[in-house]
Amino acid sequence: MMETAKILVIEDDEGLNRGISFALEQEGYMVVSARTMQEGNALYKKEQPDAVILDLNLPDGDGLELCKRIRHFSELREPAILMLTARDMETDEIMGLSSGADDYMVKPFSVAVMKIRLRNILGRRAMNAAADVKDSDAGAEDMLVSGDVIIDRKTFRASLAGQELDLSMTEFRLLQYLMENKNQALLKEQILQRVWDVDGNYVEENTLSVNISRLRKKLGGSYIRTIQGIGYLWEEKD
């Protein structure tokens with residue numbers, strides 16, 4: 001766990017909100033909490049937490065929309081997001097992950113398991129950030145170019161044909177890894193380990209396929225080729 005990580009809990013059920021907050025405080029986290037979408041949005045901007053535990057069914061709005069707002073509020077720190085919901089359909093999970101969540105838990109759930117999942121996603125983000133800093137050198141080495149796609153590994157920005165791409169940090173890391181290994185077939189397990197699973201924790205393949213689909217759409221359907229039964233390949237244009 002990163003030292004004194006700040007967690008924002010957005011859950012409308014008062015008892016559950018208090019229970020989650022207490023459990024996290026016992027783990028040494030700094031905790032702030034909200035019970036509505038409006039209050040949660042304001043606290044996110046004010047507190048800039050390291051992670052957000054977000055209920056989807058809020059009394060004044062849909063948590064999916066708040067998740068999207070957080071992911072696109074580029075001026076602030078991008079937190080880890082763990083979604084909580086009573087929605088247990090696979091399509092609901094896909095929508096949650098597609099909106100930018102790092103993980104998704106269905107109610108009722110074990111608080112002990114929730115703490116482990118939170119610790120894991122915080123750990124992955126901390127290690128990914130450290131890896132990005134280590135890999136990022138000054139000058140031209142920061143830039144990676146393939147066809148009309150350009151990424152800047154120092155500023156975490158990417159563009160397609162001169163137009164800046166609106167990418168989450170996960171999408172950026174996925175794009176970077178694919179471009180760094182252009183014209184090479186990458187196993188799904190390789191990609192999951194490099195982009196998500198840096199500390200050896202299980203991540204579902206569905207998480208990868210959802211993010212590939214989102215990234216492919218933002219790239220206009222080009223570059224990323226599916227290798228059936230194997231994984232994916234970044235196909236550089238001549």
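This is a predicted model: local features need pLDDT of at least 70, side-chain atom pairs count only at pLDDT 80 or more; totals for chains, interfaces and linings use all residues.

**Entry 1: helices on a sheet.** I looked up helix H7 (residues 188-195) and found that it lies across S12 and S14, running at about 70° to S12. For the names: helices (H or I, at least four residues) and strands (E, at least two) are DSSP runs, numbered from the N terminus. Contact here means heavy atoms within 4.5 Å. Angles run from 0 to 180 degrees between N-to-C directions, with axes as lines fitted to C-alpha atoms, for helices over the stretch in contact. Next I checked helix H6 (residues 169-180), which lies across S12, S13 and S14 at about 70° to S14.

Residues are numbered from 1 along each chain as its sequence is written, and side-chain values use heavy atoms, with hydrogens and water left out.

**Entry 2: the sheet itself.** In what order do the three strands of the open sheet come? I read S12-S14-S13, with antiparallel pairing; two strands pair if DSSP finds at least two bridges between them. Strand S12 (185-187) and strand S13 (224-227) are the edges, each pairing on one side only. On average, neighbouring strands of this sheet are turned by 30° against each other, direction ignored. S12 and strand S14 (residues 231-234) are joined by three bridges, and Ala185 stands opposite Leu233 in S14.

**Entry 3: salt bridges.** I noted 16 salt bridges in the structure. The term means a side-chain nitrogen of Lys or Arg within 4 Å of a carboxyl oxygen of Asp or Glu. I picked Asp55 and Lys107, whose closest N and O atoms are 3.2 Å apart. Asp55 sits in strand S3 (residues 51-55) and Lys107 in the loop between strand S7 (103-106) and helix H5 (111-135), so this pair ties together parts 52 residues apart in sequence.

Is Asp55 buried or exposed? At 1% relative accessibility, I put Asp55 down as buried, whereas Lys107 is partly exposed at 24%. (Buried is under 20% relative accessible area, exposed over 50%, partly exposed in between, with a 1.4 Å probe and protein chains only.) Glu11 joins Asp55 and Lys107 in a network of salt bridges.

**Entry 4: one more pair.** Asp102 and Arg71 form a salt bridge too, at 2.9 Å between the closest N and O atoms. Asp102 is in the loop between H4 and S7, and Arg71 is in helix H3 (residues 63-72), 31 residues apart. I wrote both down as buried: Asp102 at 16% and Arg71 at 9%.
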